[in-house]
Amino acid sequence: MRLLSEFLTLLVASAIALSCGQQGDSKLGASDTPGITTTTTTSTLPEPSTPTTLVREPGEPSTTSTVPSSVTTSTIAASPAQAERASRLRPRVSNSFPHDPAAFTQGLVWNGGELFESTGLRGRSSLRRVNLETGEVLQRASLDSSLFAEGLEKVGDRLIQLTWQANTALVYDATTFERTGSFAYPTEGWGLCLDNQNRFVMSDGTSTLYFRDPVTFEEIGSVPVTLNGAPLERLNELECVNGEVYANVWLTNTIVKIDSATGAVVAEIDAAGLLSEAEAAGADVLNGIAYRPETATFLITGKNWPTLFEVTFE
Ligand SMILES: [Ca+2]
């Protein structure tokens, strides 16, 4: 089994690398990605398409046939001597709540005692206010079927929702869910959070985190993210907690804790095994993390997961 697992992991890494290499040039046309500064191999990952037999968007490329169990990083690693090794943590579950298994979770926010969720897929994308205890959707706004919703954050009385490839963030009144505006950005949109310096932190599927102005959404900086000295790509849903950023790593059960000043991953959280085998069979990858400051706990779930877990990382 171990050999098979390692073979599948290698196969996946090869498939992803091959996929990137084949598609990189065609996706990085100047008209598509003005101002993009990342490499061609990291901006083209088809984030929302899904592995195995799970839901995949029509027309989106398939990259893999299985889900690697751990983070894989670039093969061009920095000298281990130069990098502080990340510590390893596991989630300790204190509560579990029902979660809509039809929700293809792309963004999760806890704010003011309320849970907000962004769900993806074209034709199924939504903004939701959710009852944490019951999983009931209390309020919902549906997106135009051309849009694929991604990361979400609440700022004051506004909700900001990224879209995957439309280079557009949607702005909503957080009470009425009425659309009140939008922001443009040049990259793909994956994850979003607001940090303790009042900056948006945004991921785009690469190893770069971007900082954006909280009012204008203009880029005001960026930081390359590294795990044990090597670039860590596929950064997905985000959560800002104090000076650190927690990120789901797409296609894995890993959440990384990133020092946003240096970009270094200071801890790897292995969240494998939260779902039973039967639950996991109908679910997609881990994605969705929200911090609950009142209890110093995290709420985590996944795409089409039937359960949302309240956890601490130990
Ligand atoms: Ca979040």
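## Strand pairing in a predicted model

Strand 9 and strand 10 (residues 179-184) run antiparallel and are joined by five bridges. Within this pairing, Leu170 has Ser182 of strand 10 opposite to it. The two strands form a hairpin with five residues between them, and Phe177 there takes a positive phi near 65°. The structure described here is a predicted model.

Strand 9 (residues 168-173) also pairs with strand 8 (residues 158-163), again in the antiparallel sense, over five bridges. Here Leu159 faces Tyr172 in strand 9. Four residues separate strand 8 from strand 9 in their hairpin, and Asn167 in the turn has a positive phi of about 55°.

| Hairpin | Residues between the strands | Residue with positive phi |
|---|---|---|
| Strand 8 and strand 9 | four residues | Asn167, about 55° |
| Strand 9 and strand 10 | five residues | Phe177, near 65° |

Another part of the chain holds an open sheet of five strands in the order 1-20-19-18-17, with mixed pairing. Strand 1 (87-89) and strand 17 (235-241) are at the edges and have a single partner strand each, so one side of each lacks a neighbour in the sheet. From one strand to the next, the twist averages 25°. Inside this sheet, strand 19 (residues 254-259) and strand 20 (residues 265-270) run antiparallel and are joined by five bridges. Val256 has Glu268 in strand 20 as its bridge partner.

For the chain as a whole, the secondary structure comes to two helices and 23 strands. Of its 314 residues, 43% are buried. Among contacts between residues at least 6 apart in sequence, 53% join residues at least 24 apart.

Methods
Residues are numbered from 1 along each chain as its sequence is written. This is a predicted model: local features need pLDDT of at least 70, side-chain atom pairs count only at pLDDT 80 or more; totals for chains, interfaces and linings use all residues. Two strands pair if DSSP finds at least two bridges between them. A residue is buried if 20 or more other C-beta atoms lie within 10 Å of its own, exposed if 12 or fewer, and partly exposed in between; C-beta atoms are placed from the backbone. Two residues are in contact if their C-beta atoms, placed from the backbone, lie within 7 Å. Axes are lines fitted to C-alpha atoms, for helices over the stretch in contact, and angles run from 0 to 180 degrees between N-to-C directions.
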